[in-house]
Amino acid sequence: PYRFDVWSDGGNWQTGHWLTGRLGAAATGDLVAAILADYGIDDADIGELDGILDGYVIGEVTSARGALEPLAGLLMFEAAESGEVVRFVPRAQRAVRTIGAADLAEDGEGKPLITVRRAQETELPAGIGIGFSDALADYRASTAGARRLVTGSRRTQLTNTGAVMRYGVAANLADAMLQDIWAGRATYAFALGAGALAIEPGDVCGLATADESATLL
């Protein structure tokens with residue numbers, strides 16, 4: 001598609017108007033399932049995952065967790081035990097429940113029902129870079145990045161993902177990862193009563209009390 005001297009509509013590749021070179025891409029759910037199968041793991045629920053990559057390289061001998069963690073960080077999904085299966089869920093999903101003041105329980109004498117820790121700007125990255133193999137440049141090692149324009153931080157976070165994709169996709173993912181890091185700068189700690197036993201790790205919940213309002217993972 002970059003041969004504009006051959007293809008007059010080569011620029012349309014970036015907007016998805018070409019099928020050539022896309023039919024061999026791997027859906028995230030299929031990719032995770034293939035990795036789990038390589039490690040002999042078949043008790044997994046991956047039905048909620050979405051997204052597509054051109055490929056994924058596992059460049060060393062590692063565990064299933066080690067193989068999946070870079071992919072989970074790149075595509076922003078979580079894995080948690082749910083009954084007898086491992087459940088894979090994306091972070092960007094609707095809240096399944098709102099936690100109110102009546103759902104909270106005391107966790108130690110004299111402790112507040114909710115404690116909040118907000119990371120300082122200097123603890124967070126001002127920019128991030130992700131390493132990948134460029135599918136449209138003979139699979140050469142490349143880097144795409146994103147940066148916040150207004151921040152007091154000078155940190156830069158670099159991550160080698162092992163993903164095979166196009167530069168435009170990588171740049172969009174880098175921007176989404178940076179936004180996700182800053183959106184999650186606040187950590188909420190609280191205890192729930194027995195009425196909230198149905199909530200599982202990985203569920204997105206809303207928090208609505210007299211003092212706080214937030215979306216939690």
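Setting aside its neighbours within four places in sequence, T28 is in contact with L49, D50, G51, I52, L75 and F77, where contact means heavy atoms within 4.5 Å. This is a predicted model, in which local features need pLDDT of at least 70, side-chain atom pairs count only at pLDDT 80 or more, and totals for chains, interfaces and linings use all residues. Residues are numbered from 1 along each chain as its sequence is written, and side-chain values use heavy atoms, leaving out hydrogens and water.

T28 belongs to helix α1. Helices (H or I, at least four residues) and strands (E, at least two) are DSSP runs, numbered from the N terminus. With a relative accessible area of 2%, T28 is buried; buried means under 20% relative accessible area, exposed over 50%, and partly exposed in between (1.4 Å probe, protein chains only).

Now to helix α3. Its buried residues are A170, L173, A174, M177, L178 and W182. Here are some of the elements that cover them:

| Element | Residues |
|---|---|
| α2 | 64-75 |
| β10 | 125-134 |
| β11 | 140-147 |
| β12 | 155-165 |

Let's turn to the cores. A nonpolar core is a set of buried Ala, Val, Leu, Ile, Met, Phe, Trp, Tyr and Cys residues joined through side-chain atoms within 4.5 Å. The largest has 31 residues, and V32, L53, L71, L74, F77, I130 and M165 touch the most other members. At least two residues of this core come from each of α1, α2, β10, β11, β12 and α3. A second, separate core has six residues, including L104, I114, Y188 and C205.
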